[in-house]
Each structure stands twice: as C-alpha cells, then as structure tokens.
Amino acid sequence: MKILWLCSQPLNSIAEKLSLPKVYLGGWLEGIATNLSKEEDVELYYLFINDNKEGVFFHLLDNINFIEVGIKGYSSEEFSFVFEGIVNEFNFEVIHIFGTENHMINELTRKIDSTKLILSIQGILSEIYKKYCYKIFKYHRFKNQYTQIFGKILLFYNRNQLYLRAKSEIKVLSRAKN
C-alpha cells in the first residue's frame with residue numbers, strides 16, 4: 001500500500017540529515033512513521049514543505065521516502081500544481097494530510113480524490129478564532145501608551161492571520177465526505 005503523509009514540518013530524522021532546524025513538535029509522527037516503515041506491505045512517503053528552497057527533492061532514509069517541496073516564491077496554485085503532479089505520478093492509495101489550517105491545503109483538497117483522503121485535525125481554528133477575535137481586546141491590559149499601540153497592532157495582525165487560516169480550514173472541512 002502506498003501512503004502519502006503531507007505535513008508542514010519534516011521529521012527530525014530527515015531534518016538532521018538535511019541540516020534543517022529540528023522541530024520539537026509531533027514526536028508521535030516520528031514513532032508512527034518508524035513503525036509503518038517496518039511493515040512489508042507499506043510504502044510510506046512523507047511530503048514536507050521547505051519555505052527556503054525552490055523545487056522538489058526526493059530523499060530515502062530508514063525505509064521512508066521523503067519528498068521535500070521547496071515553496072519559496074510559489075503561490076497556492078503553483079504548489080497545488082506540483083502536489084497534483086506528485087500524486088498522479090505515484091498513484092497513492094491513501095493521502096493523509098496532517099492539519100487543515102495551512103492556506104495551501106485548501107487548493108490541494110479540491111484536486112484530490114476524496115475517497116483516498118484522510119484529514120487529521122488537532123484543533124479547529126475557526127472556533128478558536130471566534131473566541132480570540134471578540135474577547136482579546138476586552139481582557140488585554142497594557143502598561144503604557146507605547147506597548148498599548150504596539151500591542152494592538154500585533155493583536156490585529158495575529159487576529160487577521162488566524163482568521164485567514166480559519167477561513168481556509170472551513171473550506172477544506174466543507175469538502176469532507178464523512
């Protein structure tokens with residue numbers, strides 16, 4: 001069985017090999033990947049995004065096929081085109097996407113056969129946004145005028161980023177079959 005995992009971060013094992021910064025989240029992914037890679041009837045592909053490179057790079061480590069997609073300068077549509085090419089070339093039986101908040105995931109889910117697709121959700125940003133957006137200014141206190149102005153700008157920026165991610169997440173989840 002050919003399985004593709006799409007994750008925003010590399011596993012630490014490949015990050016170390018490629019001299020990328022280690023990620024201190026998702027250690028459970030490393031464990032599951034290690035166990036799946038030992039199964040004779042499973043070919044595990046792990047696609048991760050690299051913001052600092054352009055192009056597609058293939059790496060094999062510990063019986064896991066890593067696909068590094070450098071998205072520097074790519075739009076969502078261009079990334080979607082690259083991803084669609086990878087999916088078509090390898091004909092995966094299962095495509096497992098970890099997280100729906102990345103804006104590029106919205107483009108991808110429109111082009112994938114939904115019978116092959118699994119989405120893992122770790123937190124619903126659209127619900128978090130509602131609480132964050134409407135309550136944060138009410139409860140946040142600042143010490144002086146400078147931090148008050150800077151703090152409000154920072155909160156406004158963070159709120160808008162969260163809103164865009166939540167909006168994308170809603171689109172992705174609306175296409176789910178079950």
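How many bridges join strand E3 to strand E4, and how do the two strands run? There are 8 bridges between E3 (residues 54-61) and E4 (residues 64-71), and the strands run antiparallel. Two strands count as paired if DSSP finds at least two bridges between them. Strands (E, at least two residues) and helices (H or I, at least four) are DSSP runs, numbered from the N terminus.

This is a predicted model, in which local features need pLDDT of at least 70 and side-chain atom pairs count only at pLDDT 80 or more, while totals for chains, interfaces and linings use all residues. Residues are numbered from 1 along each chain as its sequence is written, and side-chain values use heavy atoms, with hydrogens and water left out.

Start at the hairpin. E3 and E4 form it with 2 residues between them. Asp 62, in the turn, has a positive phi of about 50°. Leu 60 stands opposite Asn 65 in E4.

Now look at what touches this region. Ser 37 belongs to helix H2 (residues 27-37). Leaving aside neighbours within four places in sequence, Ser 37 is in contact (heavy atoms within 4.5 Å) with Asp 62, Asn 63 and Ile 64. Ser 37 has a relative accessible area of 7%, so it is buried. Buried means under 20% relative accessible area, exposed over 50%, and partly exposed in between, with a 1.4 Å probe and protein chains only.

Next, the rings. A pair of aromatic rings is described by the distance of the centres and the angle of the planes. Rings of Phe, Tyr and Trp (its six-membered ring) pair if their centres lie within 6.5 Å; planes under 30 degrees apart are stacked, over 60 edge-to-face, and the rest tilted. By this rule the count is 7 aromatic pairs. One of them is Tyr 45 with Phe 92: the centres are 5.1 Å apart and the planes at 70°, so the pair is edge-to-face. Tyr 45 is in strand E2 (residues 43-50), and Phe 92 is in the loop between helix H3 (76-90) and strand E5 (94-98), 47 residues apart. Both Tyr 45 and Phe 92 are buried.

Phe 58 and Phe 90 form a tilted pair, 6.0 Å centre to centre with 45° between the planes. Phe 58 lies in E3 and Phe 90 in H3, so this pair ties together parts 32 residues apart in sequence. Phe 58 is partly exposed at 47% relative accessibility, whereas Phe 90 is buried at 14%.

Ring pairs also link Trp 5, Tyr 46, Phe 48 and Phe 66 into a cluster.
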